Amino acid sequence: MCDPRIIVALDFPDQVEALELARRLDRSLCRIKVGKELFTRAGPQLIEKLMRLDFEIFLDLKFHDIPNTAASACTAAAALGVWMINVHALGGKKMLLACRESLHQKNTKLIAVTLLTSLQREDLDEVGLFDTPAHIVQRLALLTQQCGLDGVVCSALEAAQLRSSGLIEEFLLVTPGIRLADSGYNDQARVATPRQAVQNGADYLVIGRPITRAAEPLKVLEKISREIYFV
Ligand SMILES: O=c1ccn([C@@H]2O[C@H](COP(=O)(O)O)[C@@H](O)[C@H]2O)c(=O)[nH]1
């Protein structure tokens, strides 16, 4: 199978809308991300339905809990046969190690969210993290790699710096906060265009509303795929 770099975030309140949109996409050009809202409403049956459409699934539940609970949740998520799952790196080293261990000999990729792409410097100050997003992302990415996970979620703005900071080449950088030159930020803060993201070294681009809210989602997906193909 080819390795499409675009992951379409299906943030919908019900599975009818989600499946309808998925059927309009081209599975050779994208994977699908199912997040908290859709999974809470539609559950594991939806994952099966999307996999029957031949999509690989990133189940984006961002587990963040004590090590035993987070690790058990990872085991349960991976048992659904999804391509990728995630946890929050701020859960700390013991949690990351327990989650990694819980997926021993499983094919599911495990990545960790560094700092949400909706956060900027002032938001970090408010929760007592007195440093730049770039520094915090860097520290959390190194910790995640040391714990043996497959990669991190970060913004594309941090990707170039991470790539030149000694992370192993195979370590995956998965970047949400992707915005087209003519689309608004919505609730995102640390954003980049698809082209900038790939130039900066992102492996996968998570794109929701710019595709799912477009009048012709497939056309936007095809356009972005062409834009990043030769970068
Ligand atoms: O740091 C993060 C982690 C996850 N996300 C998720 O990605 C998509 C982005 O959707 P857009 O509509 O393109 O903004 C969404 O599902 C988030 O939950 C993120 O944005 N940032």
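Which residues in helix 1 meet which residues in helix 2? Q15, A18, L19 and A22 in helix 1 meet L38, A42, L46, K49 and L50 in helix 2. Contact requires C-beta atoms, placed from the backbone, within 7 Å.

## Basis

This is a predicted model: local features need pLDDT of at least 70, side-chain atom pairs count only at pLDDT 80 or more, and totals for chains, interfaces and linings use all residues. Residues are numbered from 1 along each chain as its sequence is written.

## Helices 1 and 2

The contact of helix 1 with helix 2 has 7 nonpolar, 1 polar and 1 charged residues. Ala, Val, Leu, Ile, Met, Phe, Trp, Tyr, Cys and Pro count as nonpolar, Asp, Glu, Lys and Arg as charged, and the others, Gly among them, as polar.

The axes of helix 1 (residues 15-24) and helix 2 (residues 36-52) come within 10 Å and cross at roughly 40°. That makes helix 1 oblique to helix 2. Angles under 35 degrees count as roughly parallel, over 145 as roughly antiparallel, 65 to 115 as roughly perpendicular and the rest as oblique. Axes are lines fitted to C-alpha atoms, for helices over the stretch in contact, with angles from 0 to 180 degrees between N-to-C directions. Helices are DSSP runs (H or I, at least four residues), and strands are E runs of at least two.

## Helices 3 and 4

Helix 3 (residues 67-78) and helix 4 (residues 93-102) have axes that come within 8 Å and cross at roughly 30°. That makes helix 3 roughly parallel to helix 4. By class, their contact has 7 nonpolar, 3 polar and 2 charged residues.

## Ligand shell

The shell around the ligand has 7 nonpolar, 6 polar and 2 charged residues.

Technical notes: Two residues are in contact if their C-beta atoms, placed from the backbone, lie within 7 Å.
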